[in-house]
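Open the model in your viewer and keep the selection tool at hand. Each stop below says what to select next and what is there.

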Amino acid sequence: MMDRDRNKSLLLELLRAPGNDRCADCGAADTEWASYKLGIFICLNCSGIHRNLPQISRVKSLRLDFWENDLIEFMKSHGNLCAKAKYEAKVPPYYYIPQSKDCLVLREQWIRAKYEREEFVATQVCQHPCSAGSREGFLWKRGRESRQFQKRRFVLSAGEGVMKYYVKESKSPKAIISIETLNAMFQTEKIKHAHGLQITYHTDGQTRNLFVYHESGKEIVDWFNAIRAARYHYLRTTFPAVPEPELIPRITRNYIKEGYMEKTGPKDAFEQGRVFIGRMDEGYEVRAGFPQGVQVKKRKPGITVVTPTREFVFMCETDREQREWIDALNGVLAQPLTG
Ligand SMILES: [Zn+2]
């Protein structure tokens, strides 16, 4: 057999070794690429990020490139589990580990944090969530009316349990946000910026949003993880008995679908704000249309959300919107709460 063919089959055999069948960085199932400097198997998307970091990583395609014998030996003696043990030895529990569907800035900063800055190697001293959840600096914030981005000073304090932002240096804060209801998620398309972050919180029974970004990918991801550290600190101290795997998914959430449906029916039957959705086996259900006896003046598509104690009725603008909401709600119902 030719060297070329033999090497190719050796490489593909390595892919079957534990850990190598999933991308070392995002967990995607198609590991068609490898970094022969780090000794890891990765997906096409992550290989693009590695390609931009020649000082720490060099990539080759497993199928299309030629692999020299010594490189194959190197891959054999390293691999994804080995790299994980070294570069992910101390990932803090609140640190967001991105998956393949996450936005580029999250995936790129995860890769840089791991291999370039070596933030999680064993010799690093783990920061306490309370200090990791304290941060101060400027972010570009979209104005509520003008929709122009303006530089605002933000102060996050896990110890005080609040995040504040300031319009002018000397004045009192424009808003004091409790970490209890704080959420953050990347929304790059909606904010029309590759580093766009949506911060959501509740105040006076209402949901409020702040749309922010920072020019530096590192800064915005550091802010995101600082918010997560503050949330983790809050949850850990408020619910000391809740086991870690149940707490982690509650640090921040990515909404599956966000929008507005018009509520209908007798006014007093409906609360302002949020409807808690549990699981199907707990008696929760989503149905198209309105319950019997509910009269609707405007002919609009409806959704009925059945909870163990009552029914909630919503109106949508279009049939398509109705279908999308039903799909999204059913997706939530099918998920275990701890998911
Ligand atoms: Zn990947």
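A helix crossing is left-handed if the near helix is turned anticlockwise from the far one by less than a right angle, and right-handed if clockwise. This is a predicted model, in which local features need pLDDT of at least 70 and side-chain atom pairs count only at pLDDT 80 or more, while totals for chains, interfaces and linings use all residues. Residues are numbered from 1 along each chain as its sequence is written, and side-chain values use heavy atoms, with hydrogens and water left out.

Select α2 (residues 44-51) and α5 (104-116). Helices (H or I, at least four residues) and strands (E, at least two) are DSSP runs, numbered from the N terminus. How do α2 and α5 cross? Their crossing is right-handed. They pack at an angle of about 60°, with axes 10 Å apart. Axes are lines fitted to C-alpha atoms, for helices over the stretch in contact, and angles run from 0 to 180 degrees between N-to-C directions. The two helices are therefore oblique to each other (under 35 degrees is roughly parallel, over 145 roughly antiparallel, 65 to 115 roughly perpendicular, the rest oblique).

Now show the side chains. From α2, Asn-45, Cys-46, Ile-49 and His-50 meet Leu-104, Arg-107, Glu-108, Ile-111 and Tyr-115 of α5. Contact means heavy atoms within 4.5 Å.

**Stop two: aromatic rings**

Rings of Phe, Tyr and Trp (its six-membered ring) pair if their centres lie within 6.5 Å; planes under 30 degrees apart count as stacked, over 60 as edge-to-face and the rest as tilted. How many aromatic pairs does this rule give? The count is 12.

Select Tyr-96 and Phe-224. This pair is edge-to-face, 5.7 Å centre to centre, with 75° between the planes. It links distant parts of the chain, 128 residues apart. Tyr-96 is in the loop between α4 (80-87) and α5, and Phe-224 is in helix α8 (residues 217-238). Tyr-96 and Phe-224 are both buried (buried is under 20% relative accessible area, exposed over 50%, partly exposed in between; 1.4 Å probe, protein chains only).

Next, take Phe-154 and Trp-223. Their pair is also edge-to-face, at 6.4 Å between centres and 70° between planes.

Then pick Tyr-95, Trp-110 and Phe-120. These three form one aromatic cluster.

**Stop three: charges over rings**

A charge sits over a ring if NZ of Lys or CZ of Arg is within 6 Å of the ring centre and within 35 degrees of the ring normal. Select Lys-60: it lies over the face of Tyr-36, 5.6 Å from the ring centre. Then go to Lys-151, whose charged end sits over the ring of Phe-138, 5.7 Å from its centre.

Find Gly-39, in the loop between β1 (33-35) and β2 (40-42). Is Gly-39 buried or exposed? At 0% relative accessibility, Gly-39 counts as buried. Not counting residues up to four places away in sequence, Gly-39 touches Phe-74, Met-75, His-78, Gly-79 and Asn-80. Its C-alpha atom is 8.1 Å from that of Lys-76, 37 residues away along the chain.

Move to Arg-147, in the loop between β4 (134-142) and β5. Arg-147 is not a glycine, yet has a positive phi of about 60°. It is exposed, at 51% relative accessibility.

Finish at Lys-192, in the loop between α7 (188-191) and β9 (197-203). Lys-192 has a positive phi of about 60° although it is not a glycine. With a relative accessible area of 73%, Lys-192 is exposed.
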